[in-house]
Amino acid sequence: MKVKELVAALDLTVRSGAAKLERDITGAYVSDLLSDVMSNAREGNVWITLQIHPNIVAVASLLNLAAVIVSRGAEPEEATITKAEEEGIVLLTSREPSFEVAGQLYRLLHKG
Amino acid sequence: MKNGTNPEADRDQKICLSFNVEGGNFLSAGEASIRLKHTLQHIGYPASLIRRVAVAAYEAEMNIIIHADSGVLKAEVTPEAVTIWAEDKGPGIEDIGLAMQEGYSTAPNYIREMGFGAGMGLPNIKRCADIFEIETHVGIGTKIRIVIFNKQKTN
């Protein structure tokens with residue numbers, strides 16, 4: 001599944017990295033602890049989090065994640081969006097809480 | 001924050017990088033590790049090795065930003081290994097045994113609310129490293145040395 005298909009299926013808003021939506025998704029990880037994400041998220045994963053500060057971009061960049069979804073209508077800081085654009089990180093937002101986002105994504109990734 | 005990258009390639013194919021890391025500067029946090037990662041990608045290191053270096057360097061860099069006044073993150077890259085030194089002027093670690101336990105943290109609340117200080121930094125570094133050494137003096141600072149060899153190793 002490509003990031004752009006995820007954006008359409010979950011009605012997500014693209015906040016940065018619009019040029020990188022053709023990338024394939026390898027899985028997903030849900031956590032708000034950055035060290036936990038560093039330790040357990042894998043390359044090409046989508047990361048679902050409530051964190052909105054610029055450090056989520058560094059984590060996504062170091063792990064080469066496919067996208068970050070900021071959930072529950074949380075608004076990423078301006079510096080986060082700027083940094084994500086600089087680093088070429090796909091930053092998405094959802095009105096749904098993490099549980100709902102993860103549940104929908106799980107179903108999409110595991111069907112068939 | 002001065003984040004000077006000075007790649008110096010010598011005849012032994014050795015690249016040395018050095019970054020100043022400022023305590024409390026969360027805005028630039030991770031930049032040193034990202035630069036190191038880009039360097040390794042540029043010279044074609046295997047992805048699994050780059051991941052281990054990225055995780056170890058990031059945790060070492062964040063430890064300086066979270067806990068210390070200032071510090072330096074240095075890396076030496078050869079075809080055989082990546083060596084990282086993180087040296088800071090800071091509070092030091094009172095009980096290394098506790099600090100190595102997953103979940104133990106001395107980070108203040110406002111830092112934990114940002115998702116840092118989960119007590120996983122040093123354990124994450126150790127897990128990624130082939131050699132991990134730590135020297136700390138309370139009230140003076142902490143020095144860490146990490147070596148990751150360029151060979152396939154399951155994480």
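1. What percentage of the contacts in chain B with a separation of 6 or more comes from residues 24 or more positions apart? The share is 59%. Two residues are in contact here if their C-beta atoms, placed from the backbone, lie within 7 Å.

2. A word on the basis. The model is predicted, so local features need pLDDT of at least 70 and side-chain atom pairs count only at pLDDT 80 or more, while totals for chains, interfaces and linings use all residues. Residues are numbered from 1 along each chain as its sequence is written, and chains are lettered from A and ligands numbered from 1 in the order in which they are written.

3. Chain B in outline. Five helices and five strands make up its elements. Helices (H or I, at least four residues) and strands (E, at least two) are DSSP runs, numbered from the N terminus. Along the sequence the pattern is β-α-α-β-β-α-α-α-β-β. Chain B has 155 residues, and 37% of them count as buried. Buried means that 20 or more other C-beta atoms lie within 10 Å of the residue's own; exposed means 12 or fewer; partly exposed is in between, with C-beta atoms placed from the backbone.

4. The sheet of chain B. Five strands form an open sheet in the order β1-β2-β3-β5-β4, with antiparallel pairing. Strands pair if DSSP finds at least two bridges between them. At the edges stand β1 (15–22) and β4 (131–137) of chain B; each has a single partner strand, so one side of each is left without a neighbour in the sheet. The twist averages 10° from one strand to the next. Strands β3 (residues 81–89) and β5 (residues 141–149) of chain B pair in the antiparallel sense over nine bridges. One bridge joins Ala81(B) to Phe149(B) in β5(B).

5. Helices of chain B. Helix α2 (residues 47–67) of chain B lies across β1, β2 (70–77), β3 and β5 of chain B, and runs at about 5° to β3(B). Axes are lines fitted to C-alpha atoms, for helices over the stretch in contact, and angles run from 0 to 180 degrees between N-to-C directions. Helix α1 (residues 31–42) of chain B has twelve residues and reaches 16 Å from its first C-alpha to its last, close to the 16 Å expected at 1.5 Å a residue. That expected span is 1.5 Å times one less than the number of residues. Buried residues of α1(B) include Glu31(B), Lys37(B) and Leu40(B). Their cover includes α3 of chain A together with β1, α2 and β2 of chain B. Just after α1(B), Gly44(B) takes a positive phi of about 85°.

6. The contact between the chains. Chain A gives 16 residues and chain B gives 19 residues. On the side of chain A that touches chain B, α2 (34–40) and α3 (55–63) of chain A are the elements that give two or more residues. The largest share, five residues, comes from α2(A). By class, this side of chain A has seven nonpolar, six polar and three charged residues. Ala, Val, Leu, Ile, Met, Phe, Trp, Tyr, Cys and Pro count as nonpolar, Asp, Glu, Lys and Arg as charged, and the others, Gly among them, as polar.

7. The sheet of chain A. This is an open sheet of five strands too, in the order β1-β5-β4-β3-β2, with mixed pairing. Its edge strands are β1 (13–16) and β2 (27–30) of chain A, each pairing on one side only. The twist averages 25° from one strand to the next. Strands β4 (residues 67–70) and β5 (residues 91–93) of chain A pair in the parallel sense over three bridges. Val70(A) stands opposite Thr93(A) in β5(A). Helix α4 (residues 78–87) of chain A lies across β1 and β5 of chain A, running at about 75° to β1(A).

8. Ile25(A) sits in the loop between β1 and β2 of chain A. It counts as partly exposed because it has 19 C-beta neighbours inside 10 Å. Its contacts beyond four places in sequence include Met1(A), Val46(A) and Leu109(A).

9. Most residues other than glycine have a negative phi. Asp11(A) has a positive phi of about 55° although it is not a glycine. Asp11(A) lies in the loop between α1 (3–9) and β1 of chain A and is exposed, with 10 other C-beta atoms within 10 Å. Asn64(A), in the loop between α3 and β4 of chain A, has a positive phi near 55°. Asn64(A) is partly exposed, with 19 other C-beta atoms within 10 Å.
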